[in-house]
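Me: I have a model open and want to learn how to read it. Take me from the whole fold down to a single residue.

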Amino acid sequence: MNFNKSQLKGLSKDTKAVQYSHMMDFPIKVLQIGEGNFLRGFFDWMIYECNKQGHFLGSIAVTQPRPSGKGKIEEVKRQDGLYTLMLRGFHQGEKVEHTEIISVFSKVIDPYGEWMEFLALSENPALEFVVSNTTEAGLKYQPIPLEEGIPIESFPGKLTAFLYHRYLHFNGDAEKGLTMLPCELLERNGDSLKQCVLKHSRDWDLPKPFMEWVDRDNLFLNSLVDRIVTGFPANEAEKLFASWGYTDTLLNTAEPYHLWAIEGDPSIDERLPLQQSGLNVRWVKDLVPYQMRKVRILNGSHTLMAPLGILSGLEEVKQVIDHPDFNRFLSNAIEKEIIPSLPFDQNEMMLYGESVLERFKNPFVHHLLADISLNSISKFKVRLLPTLEEYHMAKGRLPDCIVRGFSGLIRFYKVHELKGSYIGKSFAGKVYVVKDDIKTIEFFKEQWLGYERGEIPLRQLIEATISNQYLWGKDLSGIPNLGNELCQYLEGMIDGNYPLKGFGQS
């Protein structure tokens, strides 16, 4: 479809398709630190859904965590805080395609150019929540001075200054504490954020009563988020804009599936009515089961498929799930090896496993195996090695799928250096790049070089690999028969055999 882009106006309050612009007049109840795709496709969508049902009746003040986000925050201002969200994929067997303009941002602040306005927001008596997604790197302590009128770049430092301003303005009123909901993918993210705030408070010699107020009257909740947000669909944007009659530089896309597990009292849902609005939000006493099932099943499946998929010439998750052999392989790994190794309700784990495989089929998500393969050794250690060990302990034998994946991982790291990169070749000779820490890659490079020169046999390469405590945090050579089975599968892969040859055959 051909059209003149200049003839289309950008999304704004005047756009005819905007339905709920009055929501931006609701009182500001949330400070959001993070302007990126994820929060706009996850939390902001949730607040929009709550408001549509008349439950929350609050709006969001959004700000960027880093100076580099200035361009995006200016786009949010330019579009009057509005953006389009498309939810696309499969949910419970049904295909979902839903598009809506999200209207939840009533204030947009650049804290680096509007620092005093940012601090002044803390004086808002209606404010109750702080939500963040600054990446794992953003949620860490960095020594930084507190200077009057000078913006603070670090997220925890920024939040400490914000809370201190609020504490002073309300004279330490216990009722004016806030609830922090960090969405960074970090275990115990709420605890980590609180520790950083208290450390900044001590470094800056802030009053002891303030630190007591932070500890006693503010909540820092640990949470786990789960939704694939795919962002701006560049290849489709012009066609979509032509059909809608407006342009949207903040257009965002996400899968239908969503889960937010929050370690907090269910009574909080009275103030933040996510669950009562029908959203898949769980207020739980313990996040561990949710974290473990996500790491072992969803993330573990990714790490299992990536090296084998790349070696077989595949590029995306959907190609893997559409491949009959790989589909059967992953299904068996999840159902017969990973889930039985988890100490939780098996029926609930199976339902989650089925949802994971359904999400992998999403035709709108182009998840590259090359991206998943980044730092595969440390990912295998966290995501798949516990399944291997616990399955063996319970069954007295090794999990076949995990061992095949382990073999493929070792073969994937058969690399040589070329112009500063580490290059491997698939079974068909297709080049790929391996990215990991230098010590890990150099170890494999030297082992495979020794093997190719005939200096060490394959069995010695495998023994050196599984006994390397730097890679796995322990010596794995004591696991009965592990070396033998790895050697058997790896010999086939080196000979050019398809890694799933004979898989699933009785």
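Me: How many helices and strands does the protein have?

Reply: Helices are DSSP runs of H or I with at least four residues, and strands are E runs of at least two, numbered from the N terminus. Here there are 21 helices and 17 strands. This is a predicted model: local features need pLDDT of at least 70, side-chain atom pairs count only at pLDDT 80 or more, and totals for chains, interfaces and linings use all residues. Residues are numbered from 1 along each chain as its sequence is written, and side-chain values use heavy atoms, without hydrogens and water.

Me: Why does the radius of gyration agree with a compact globule?

Reply: Take it over C-alpha atoms; the globule rule is 2.2 Å times the number of residues to the power 0.38. For 506 residues, that rule gives a value near 23 Å, and the protein has 25 Å, so the two agree. The C-alpha atoms fill a box of roughly 70 × 60 × 50 Å along the principal axes.

Me: What share of the residues is buried?

Reply: Buried means under 20% relative accessible area (1.4 Å probe, protein chains only). Of the 506 residues, 55% are buried.

Me: Where does Glu358 sit, and what does it touch beyond its sequence neighbours?

Reply: Glu358 is in helix H13, residues 346-360. Contact means heavy atoms within 4.5 Å. Beyond four places in sequence, Glu358 contacts Phe90, His91, Gln92 and Gly93.

Me: Which side chain of opposite charge is nearest to Glu358?

Reply: Lys and Arg count as positive, Asp and Glu as negative; His and the chain ends are not counted. A salt bridge needs a Lys or Arg side-chain nitrogen within 4 Å of an Asp or Glu carboxyl oxygen. For Glu358, the nearest is Lys361, 7.0 Å away. Glu358 is buried and has no salt bridge.

How values were computed
Buried < 20%, exposed > 50% of the residue type's maximum accessible area, 1.4 Å probe, protein only.
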